[in-house]
Amino acid sequence: ELSISSLFLPAPFHLLAGLLTARGMPGKDRLQALPGLARLMRWNGPEDMPVSRLLHEHRQPDTLIRQLWIPLCLATLNTHPAEASARLFTAVLRGAFSGHRSHADLLIPKVSLGEALPEPARRHIESLGGSVITGARVRAVGRDGDGFRLRLREGETCLARQVILATPHDITARLLADFPTLAKTAANLAALPCEPICTVYLRYPEETRLSTPFHGMLGTTGQWVFDRRFTGQPGVMAVVISASGPHMDLDNQALATQIQAELHMLFPAWPAPLQHWVIREKQATFKAAVDCDRLRPGNRTAEAGLWLAGDYTDNGLPATLEGAVISGLECAESLLHSNDPTTE
């Protein structure tokens, strides 16, 4: 097990100090890692390459690759290092470790993501006189004069002067099908593959707990275990498995049994779980593979008034909440400052 503390120092010394004081890493590996880490932060090669190749070219120790870089790559890019984009990986490193030390903080919401993000946005929109309609899936988008006509699931239609498609990239590709000018964009999005995220929940007696909000797992199917006590569900453990792998071939019972055995190995004093359930998001994110950025569109499209927003757009980051927020902000700013005569 490798334990690294970022310490309360200004960036980038918080990370360097953490490596120097890491438990479970030989001293020579720590010293060898530091120059390579600095070069990783600065890397901006003319051509993209797999993360695994980048790490070896920068002489990162096997211990550090196995216990830090691979878990970090899977957690942030949701793609295995042998396929993952070095360009996106180093962008994550720079964003997290080259600015203020708080950029590397891991924030764990005490409420559901729905309460933390969409609901405040809904209230803000409604406070400004706007409206939010849910449960109205858009089946198709087409031109209607200078604006657009949206066909909804039950056959209803909705007219709009401006449309921002903030849907997953595979759905966006289908919604662009009626626009000949966007055929290449739609084809690129359809060619952008997906990666899954699987979460196994196990409910233990309420007194069962971790000493910290989460714990890394190495050499196991599970990669991270989160104690849901910190989100108001004492006794519930959420084990996250990023990217594809043999676990996707197991049925839910077999996977839960395997994860339970891994947790028992790590925490032998825990009792048997009382219940389990498995959530598989088979198309959780786009695959952050080498050169995937060439398939990622910008916010503006060739159809005036039709915009794209989402983590899949060319925002410089992999499929993360941060990337989605950046895309949304850039899209809104572009719309407001466009020369489109329909914008007021």
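The model is predicted, so local features need pLDDT of at least 70 and side-chain atom pairs count only at pLDDT 80 or more, while totals for chains, interfaces and linings use all residues. Residues are numbered from 1 along each chain as its sequence is written, and side-chain values use heavy atoms, with hydrogens and water left out.

**Sheets**

Helices (H or I, at least four residues) and strands (E, at least two) are DSSP runs numbered from the N terminus. Two strands pair if DSSP finds at least two bridges between them.

An open sheet of three strands runs in the order E1-E2-E3, and its pairing is antiparallel. At the edges stand E1 and strand E3 (157-160), each of which pairs on one side only. On average, neighbouring strands of this sheet are turned by 25 degrees against each other, direction ignored. E1 and E2 form a hairpin with two residues between them, and Gly-145 in the turn has a positive phi of about 65 degrees. Val-138 stands opposite Leu-152 in E2, and Leu-150 is opposite Cys-158 in E3.

Another open sheet has five strands in the order E6-E7-E8-E5-E9, again with antiparallel pairing. Strand E6 (214-216) and strand E9 (275-286) are at the edges with a single partner strand each, so one side of each is left without a neighbour in the sheet. Neighbouring strands here are turned by 20 degrees against each other on average, direction ignored. Helix H10 (residues 252-266) packs on this sheet and touches strand E5 (194-203), E7, strand E8 (236-242) and E9; contact means heavy atoms within 4.5 Å. The direction of H10 makes about 65 degrees with that of E5. Within the sheet, Gly-216 has Trp-224 in E7 as its bridge partner.

| Pair | Bridges |
|---|---|
| E1 (residues 138-144) and E2 (residues 147-152) | six bridges |
| E2 and E3 | four bridges |
| E6 and E7 (residues 224-227) | three bridges |

**Helices H4 and H5**

The axes of H4 and helix H5 (residues 86-97) come within 11 Å and cross at roughly 95 degrees. Axes are lines fitted to C-alpha atoms, for helices over the stretch in contact, and angles run from 0 to 180 degrees between N-to-C directions. The two helices, H4 and H5, are therefore roughly perpendicular to each other, a term for angles of 65 to 115 degrees. On the H4 side the contact involves Trp-69, Leu-72, Cys-73, Thr-76 and Leu-77, which meet Leu-88, Phe-89, Val-92, Leu-93 and Phe-97 in H5. The residues of this contact divide into nine nonpolar, one polar and no charged. Ala, Val, Leu, Ile, Met, Phe, Trp, Tyr, Cys and Pro count as nonpolar, Asp, Glu, Lys and Arg as charged, and the others, Gly among them, as polar.

**The second largest pocket**

A pocket is an open set of points on a 1 Å grid where a 1.4 Å probe fits, with protein on both sides within 12 Å along at least five of seven lines; lining residues have an atom within 4 Å of a point. Of the 20 lining residues, the closest to the centre are Leu-74, Gly-219, Thr-220, Thr-221 and Gln-223. Helix H4 (62-77) and E8 each supply at least two residues of the lining, and H4 gives the most, with five residues. By class, the lining has eight nonpolar, eleven polar and one charged residues.

Key. Parallel < 35°, antiparallel > 145°, perpendicular 65-115°, else oblique.
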